[in-house]
Amino acid sequence: MARAVPDLRRLRHFIAVADAGGFTRAAEALHLSQQALSSSVQQLEKELDAKLFDRVGRQVTLTRAGRLLLAEGQTLLAAAHTVADHVHRAGAEAEAVFVVGHTPALSGAEVYTLMDPAITAFTDASFTFRQMFPDVLVAGVLDGSVHLGLRRGVVPPSNLAGAVIGYDRVRVAVPADHRLAIRRKVDIHDLVSERIALWAPPGASYYSDFLMSACRRAGFEPGYQVSRVQGGATVAAPLTTGAVAFVTTPAGPAMNGRVMVVELAPVLHVPVQALWQRHTSSAVRDAVVTPRSPVTR
């Protein structure tokens, strides 16, 4: 016998109760009577044949099944809204706009290169690139306002789907008058006494954590400085910090000759991770993330 699938309206009611911590506040937020809300949740429990809340007076706590449904249900509800929006746009013959969010560690040019297979294949679609900080990026993918998220580093996404779609070679950017600017190649051990420019402190950025880990694997604890200019090109960081920056920009002069990008040894590659909403499909997205050998640049 096939298991019943949750009714989306009742699922929304359940999530509201879980988020509010009780039926009274949830009923007020949903503009429902408490009796109607309680009945809806009870019907959901009957459909799923699982107790979702432990009730003691007016206090409710999630059961193990309830905690699982809350985690999965929020993702499912978001996906349902995304599907409904896609169908509405198709029915209204509205222009398809594919929104790509990316963290500051990825430049617009790099994002374009990653998205080029989809841009070339889907000539009737419009694309919008948005630079976003990591927490905002994840929230946007979760609620469906961002169709594809791109970030440096790889972290298992608990409530999103993800894949590595490319690797970029890491180099070192320094001010043009820096002692390392005349080098053709810099060994990572040459950075022991240098400050490293970051765009977010360690612990707040997977890319920052990746870079700090690379230094620690080389045997030293790096000093760092967070750039006071956010949203600009990563290769510009040495100009505002005077520090060394790890970049994926090609070797050679940059920023009108004010910065020099030098090869790094040993060779270090940083991955690009794509994130998208689970339980959804997209031919545009598939053109970028369909399983293949990740591109190394």
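User: How much of the protein counts as buried?
Analyst: Keep in mind that this is a predicted model. Of its 297 residues, 45% count as buried.

User: And what is it built from, in helices and strands?
Analyst: There are nine helices and 15 strands in the protein. Its radius of gyration is 24 Å, well over the 19 Å from the globule rule for 297 residues, so the protein is more spread out than a compact globule.

User: What box do the C-alpha atoms fill?
Analyst: Along the principal axes, that box is roughly 75 × 45 × 35 Å.

User: New topic: how many aromatic pairs are there?
Analyst: The structure holds four. One of them joins Tyr 112 and Phe 129 edge-to-face, with 6.5 Å centre to centre and 70° between the planes.

User: Where do those two sit in the chain?
Analyst: Tyr 112 belongs to helix H5 (residues 108–121) and Phe 129 to strand E4 (residues 126–131). They are 17 residues apart, and the pair links distant parts of the chain.

User: Which residues form an aromatic cluster?
Analyst: Phe 14, Phe 23 and Phe 53 form one.

Notes: Residues numbered from 1 in each chain as written. Predicted model: local features only at pLDDT ≥ 70, side-chain atom pairs only at ≥ 80, totals over all residues. Heavy atoms only, no water. Helix = DSSP H or I, 4+ residues; strand = E, 2+ residues; numbered from the N terminus. Rg over C-alpha atoms; globule rule 2.2 N^0.38 Å. Buried < 20%, exposed > 50% of the residue type's maximum accessible area, 1.4 Å probe, protein only. Phe/Tyr/Trp six-rings, centres within 6.5 Å; stacked < 30°, edge-to-face > 60°.
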